[in-house]
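Please read them with the structure open.

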Amino acid sequence: MRPSFELLEPALIDRVVDEALALLAGPGVKVEEPEAVRLLVGAGGTADGNRVAITQAMVQRALDTVPHAFDLYTRSGKPAVCYGSGAVHFDPGSSGVAYLDPITLEARQSMAADLARLTRVADALPAYDAVSTAIVCHDVPTEIGDLYRLFVCLANSDKPIVTGAFTPRGSGVMVDLLALDAGGRQALADKPRAVFDVCPSPPLTWSEFACRNIMDLGRAGVPAEMVSMPLAGVAAPVTLIGSIVQHAAECLAGVVLNQLAAPGAPIVWGGAPAIVDMRTGATPMGAIETAMIDGGYAAVGHRLGLPTHAYMGATDSKIVDAQAGLETGMTALVGALAGVDLISGPGMLDFLLAQSAEKLVVDAEVIGMAQRLLRGIGTPTETLATGAFAEAGPEGRFLELPETRRLFKSEQYLPSRIIDRQSRRAWLDAGGEDAFGRARGRVEEIMATHPLPEVEAGVAAAMAARVREAGAPFGLGEALPGVPEGFGRG
Amino acid sequence: MSEELFAQMRQSVIDGDAVASAALAEQALANGVPPLDAIDKGFVPGLTYVGEQFGIGELFLPDMMLSARAMQKAVAILEPVMKAEATERHVLGRVVLGTVKGDIHEIGKNLVGMMLATSGFEVHDLGVNVDPDRFVEAAQAHNADIVGVSALLTTTMAGQRTVVEKFDAAGLRPKCRVIVGGAPASSTWAAEIGADGYSEDAIGAVALVRQLVGA
């Protein structure tokens, strides 16, 4: 039996969906893009300016065509993120603007080389099923910031990529890059490697760009992941359940729009909600209530048969300290038990503003433990214990049993050296470092030893040429920061 | 007599009871209490108390919000009379706020506005998706000391630079200072675009504005 927990009982999920439908009927959703308004009105919606009322029948039709499961693939075409399969996956959180310097502990502006480092670390660690465009690269022109991040990920990893576009132009080039990598548009649609985050604005607003994005992605056959972010008490009702209703309304509107543009397009029921700390107005990602909203809306997504995503396993601490460990561990565990298909957030500090490669390494242990918990308590032996006792004899020589050697590796998750289980003496002999110190060493080790992906020279050259072409008008020079030396150079 | 009325005014703001605040403002006018006294001796002390309690963690944002609204209600009733009598409220400074063009996020900005208002500043909030020229026009119209420009997205923060340039071009600086805020902004960014200041949170923003106007 796979352990799970229920945050909302079925009758309450029904009420959430009912109230979400009521919100869609009135006040409706603010839709700031003319074509999106036309699509919705053509399908039975009623528009008053850009405020559009969406009917239950429209929602039902969308839910009839939306896929309940789909996969993201590695470069070699292996499914690695299987949305809707019941498995829980993890990837680093996205779009930080700072990078935690592991020596000075300063959160400095993030650069392309930092993204390359984060990507290679996530690529190396089996805990991560996907990499992500984890930070903004301040050393490349803003106008190509979105597509350049994807390029850095493609050049440094074979894993699926969680990404997102900043502009329609960026989105177009990004799909070009992914198609080059996949071997054509059809190959990309058949085996998508990336999912694009699309964010409605709280409360109940789909901005011009978000509308454009969610329609264009559907039409290009590229998976979209909605990141709805009710902020309880400020940009959403103060109650956790009220925020879950708002999330459902915003995402149902997104599903309707996406499916109207492209019936059958893959789309994910995701989010990054938060409570608001009423002492400061901060939106803590490490708060247990934030995780409860996530787990609650995931239950709604499961009921509707949609693949799910959430921002969990992050912390609001500024460094990788005790607060970081406890917030990351607790929220990741809530997400795992809630059965969220893809959990983004590891590596992130400070309200999702900063990323840390060292934290990614530490968080991989949280994930290892959470995945172990999800495998549950199995029954791999014929009797539960009596057989073992019979063989071990009255002295209880369990360590000598073949069964012990055969089963301990599946019964136990073996953590890396990040988790200290040595004697105090051995720990002192090894330098007496804390988990963060050990993580620093592990990051250096990965950077020195983890192989770079092998990308066919012609493909790499074509990708680099596409990026240069897109970047030239905005001052992208000959140098391609964050991209391995020689990548895309004939 | 007035003293008792002032105490009730103070309490109505602390309770965040806009209905009571409005009624007390009307009562003050009916009793011939000078509107400026009603504000300075009645309502403002309530808001000051709430601000102090917020500062030490005893009161919270919803308390501040309701108190600020109660205060606004009272001022809205008293202000026309003050104008007619040609008296003016003493404020620490005049602030224009807005979120840059292309950006519709306003939670942080609203927080800053509310905290500045409760700290004794006159705040003019232009809302979201504000054209750079509107910042300039509003600053001129309100004779602003400070213009606060907010941006949440890395893609829209470049708009903060545009606003700084517009203020330079209009010759409004250094008399009017331009400050920036929002998740992607930083003091490095503020320096890079030539802004006069940056704060990463609302409490810091109040300190920054106080310092800039010398209050």
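**Notes on the predicted complex**

1. The cover over the buried residues of helix α11 of chain A includes α10 (288–304), β17 (309–311), β18 (342–344), β19 (348–349) and α12 (357–375) of chain A. Here a residue is buried if 20 or more other C-beta atoms lie within 10 Å of its own, exposed if 12 or fewer, and partly exposed in between, with C-beta atoms placed from the backbone. Contact means that the C-beta atoms of two residues, placed from the backbone, lie within 7 Å. Helices (H or I, at least four residues) and strands (E, at least two) are DSSP runs, numbered from the N terminus.

2. This is a predicted model, in which local features need pLDDT of at least 70 and side-chain atom pairs count only at pLDDT 80 or more, while totals for chains, interfaces and linings use all residues. Residues are numbered from 1 along each chain as its sequence is written, and chains are lettered from A and ligands numbered from 1 in the order in which they are written.

3. The buried residues of α11(A) are A:Ala324, A:Glu327, A:Thr328, A:Gly329, A:Thr331, A:Ala332, A:Val334, A:Gly335 and A:Ala336. The helix has 16 residues (322–337) and should span 22 Å at 1.5 Å a residue; its end C-alpha atoms are 22 Å apart, which agrees. The expected span is 1.5 Å times one less than the number of residues. After α11(A) comes A:Gly339, with a positive phi near 70°.

4. Helix α5 of chain A (residues 145–156) is mostly covered, with twelve of its twelve residues buried. Among them are A:Asp146, A:Arg149 and A:Phe151. Its cover includes α4 (112–124), β9, β10, α6 (168–182) and α17 (457–471) of chain A.

5. Two strands pair if DSSP finds at least two bridges between them; β9(A) and β10(A) (residues 161–163) are joined by two. A:Ser132 has A:Val162 as its bridge partner in β10(A).

6. Strands β4 (residues 70–73) and β5 (residues 79–83) of chain A pair in the antiparallel sense over four bridges. A:Leu72 is opposite A:Val81 in β5(A). The two strands form a hairpin with five residues between them, and A:Gly77 in the turn has a positive phi of about 90°.

7. B:Ala202 is in helix α9 of chain B (residues 202–213). This residue is buried, with 22 other C-beta atoms within 10 Å. Leaving aside neighbours within four places in sequence, B:Ala202 is in contact with A:Gly281, B:Leu111, B:Val112 and B:Met115.

8. On confidence: chain B averages a pLDDT (the predictor's confidence in each residue, from 0 to 100) of 90, and 100% of its residues score at least 70. Within chain B the mean is lowest in α5(B), at 84, and highest in α2(B) (residues 18–30), at 97. For the complex, the predictor gives an ipTM of 0.82 and a pTM of 0.92.
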